[in-house]
Amino acid sequence: MTHTPRPLVEAILAVLPELAPHARDAVIFHPERAEPDCRTSSIGGPLLWPSDEPWPECSLPDVNSPDGAPATAMVPVAQIFCRDAPGPWWPAGTDLLQILWCPNEHWDPPVQQADISPVLEVRWRQVADVINELTTPPPPSRYEEDGYLPQACGITAERVTDFPFREELPAELLLRLEDLVRQTGGGGDAITRLAGWELGGWPTWHLTHPTVFACGDCGTAMTLLFTVASETRQGSSSAGGETCASSPAPPITVTPSR
Ligand SMILES: [Zn+2]
């Protein structure tokens with residue numbers, strides 16, 4: 001299904017063939033308000049969670065509780081089944097990705113996460129491992145009223161080919177890129193700055209400068225795993241999470257406003 005207003009990849013590469021080696025697979029998720037269940041991919045919906053696994057809590061200081069007490073339950077951000085978004089981002093032996101966060105703003109979060117952000121938990125699972133499902137996850141005891149409680153949505157997945165943000169491209173490409181953006185973007189850059197929730201692809205550094213995040217375990221440059229967006233239109237704010245492909249338990253870093 002195609003939702004993203006954008007020229008065909010072939011048309012982009014006809015004008016900018018130098019982009020071909022930088023092409024990355026990605027899946028964009030188009031959310032729609034729904035009542036998803038824990039066996040479907042969703043944003044802000046119920047997670048397929050083993051009943052014998054503790055639900056993630058956060059006891060870090062946040063703007064609503066300077067001492068972080070009492071610990072508050074995290075909330076589901078996204079759940080993606082591999083069948084809906086197959087691609088190179090799945091670690092071997094996993095077919096379910098779950099992202100949760102503490103729905104509070106943290107001024108001094110753990111080292112791998114950006115300042116002034118929710119605190120993130122990521123779970124990779126094998127669906128077959130979940131024998132007994134948790135039916136009633138604990139609600140958060142405190143949260144930011146505005147912005148960190150995703151509303152339950154079903155998602156439609158759209159496969160795309162993503163290209164690096166313009167500041168990561170050689171300068172000699174930029175004039176031709178700008179011409180193409182002007183002709184096709186409807187006012188926004190749909191070539192190197194796709195909007196919305198995304199798995200894989202390239203980060204868009206529209207509020208910061210391009211940065212390489214090194215894995216805290218092995219030093220390898222990490223790649224973008226997913227992008228959380230506040231809205232699906234271009235220019236909306238978003239946050240990206242990165243992982244390391246070499247580390248056995250992929251660590252993650254989060255940077256806001258990308
Ligand atoms: Zn917290």
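Predicted model: local features only at pLDDT ≥ 70, side-chain atom pairs only at ≥ 80, totals over all residues.
Residues are numbered from 1 along each chain as its sequence is written.

I begin with the core. A nonpolar core here is a set of buried Ala, Val, Leu, Ile, Met, Phe, Trp, Tyr and Cys residues joined through C-beta atoms within 7 Å. Buried means 20 or more other C-beta atoms within 10 Å of the residue's own, exposed means 12 or fewer, and partly exposed lies in between, with C-beta atoms placed from the backbone. The largest such core has 43 residues, of which Ile-28, Ile-99, Trp-101, Ile-191 and Leu-199 touch the most other members. Elements giving two or more residues to this core include β1 (24–33), β6 (96–106) and α2 (174–184); β6 gives the most, with 6 residues. Helices (H or I, at least four residues) and strands (E, at least two) are DSSP runs, numbered from the N terminus.

I turn to strand pairing, which requires that DSSP find at least two bridges between two strands. Strands β1 and β8 run antiparallel, joined by 10 bridges, and Ile-28 has Glu-158 in β8 as its bridge partner. Strand β2 (residues 42–43) also pairs with β8 in the antiparallel sense, over 2 bridges.

Finally, Pro-7 is located in the segment before α1 (9–15). Pro-7 counts as partly exposed because it has 17 C-beta neighbours inside 10 Å. Its C-alpha atom is separated by 7.9 Å from that of Ile-191, 184 residues apart along the chain.
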